[in-house]
Amino acid sequence: MRRPAEPESIMTDATLTLVCPACGTINRIPAARVGASPRCGTCHAAIYTGHPVDVNAAGFDRHVKHDQVPVLVDVWAPWCGPCRTMEPTFIEAARRLEPAFRLLKLNADDAPEILGRYGIRSIPTLLLFDHGLLRAQQAGAAPADRIVSWARARSAATA
Ligand SMILES: [Zn+2]
């Protein structure tokens, strides 16, 4: 099924909005500066830490809605063996995908309504969003190479 055509992005020229992982402020960053270790205008924390951001349900919604880069989410739980196996893999993926992507970790136990919203029945599950819209979803652990190429391919396919 083809997606309906999207209007030309009005965000590609000047600035991107990015949520601060530390305080939740929505920062407006010049697109050319996104790769230059930008800091939050409110709390001065790094916008990108080279590490997935742990979020609760509210933080998930805030990042997915306001981050104007693709958002890749690892839905996991502390009791899930394959999820813990994937932990260093997802950190590696963050190192390779930032700042073109924002990577989040969402504890499934804290966000039952989000699991329901996306029909998640098993974890780990990866969710890929772009400008608030779910672009792709995949269950099961995967090596870093596959996560990176999957995220790039699925987000590029929408460009
Ligand atoms: Zn901040």
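Predicted model: local features only at pLDDT ≥ 70, side-chain atom pairs only at ≥ 80, totals over all residues.

Which residues does L103 touch, not counting residues up to four places away in sequence?

Author: L103 touches P52, V53, L72, F90, A93, A94, L97 and E98, leaving aside residues up to four places away in sequence.

Start with the core. The largest nonpolar core has 39 residues. L103 is among the members that touch the most others, along with L72, V73, L97, L104 and L106. Elements that give two or more residues to this core are the strands β1 (15-19), β3 (53-55), β4 (71-76), β5 (102-107) and β6 (125-130), and the helices α1 (57-66), α2 (81-97) and α4 (144-156). The helix α2 gives the most, with 6 residues.

Now the sheet. Five strands form an open sheet, in the order β3-β5-β4-β6-β7. The pairing is mixed. At the edges are β3 and β7 (133-139), and each of these pairs on one side only. From one strand to the next, the twist averages 25°.

Take the β3 end of the sheet. β3 and β5 run parallel and are joined by 3 bridges. Here V55 stands opposite L106 in β5. The helix α1 lies across β3, β4, β5 and β6. The direction of α1 is at about 155° to that of β5. Another helix, α4, also packs on the sheet, where it touches β4, β6 and β7. The angle between the directions of α4 and β6 is about 30°.

Next, a contrast to the core. W79 lies in the loop between β4 and α2. This tryptophan counts as exposed because it has 10 other C-beta atoms within 10 Å, and the cut-off for exposed is 12 or fewer. The C-alpha atoms of W79 and D109 are separated by 9.7 Å, although the two residues are 30 apart along the chain.

One more piece pairs separately: the hairpin of β1 and β2. These two strands run antiparallel, and 5 bridges join β1 to β2 (residues 26-30). T17 has R28 in β2 as its bridge partner. Between the strands of the hairpin are 6 residues. In that turn, G24 has a positive phi of about 85°.

Finally, the whole chain. There are 4 helices and 7 strands. From the N terminus on, their order is β-β-β-α-β-α-β-α-β-β-α. Of the 159 residues, 33% count as buried. Among contacts in the chain with a separation of 6 or more, 60% come from residues 24 or more positions apart.

Notes
Residues numbered from 1 in each chain as written. Core = buried A, V, L, I, M, F, W, Y, C linked by C-beta atoms within 7 Å. Buried ≥ 20, exposed ≤ 12 C-beta atoms within 10 Å, placed from the backbone. Contact = placed C-beta atoms within 7 Å. Pairing = 2+ DSSP bridges. Axes fitted to C-alpha atoms, helices over the stretch in contact; angles between N-to-C directions.
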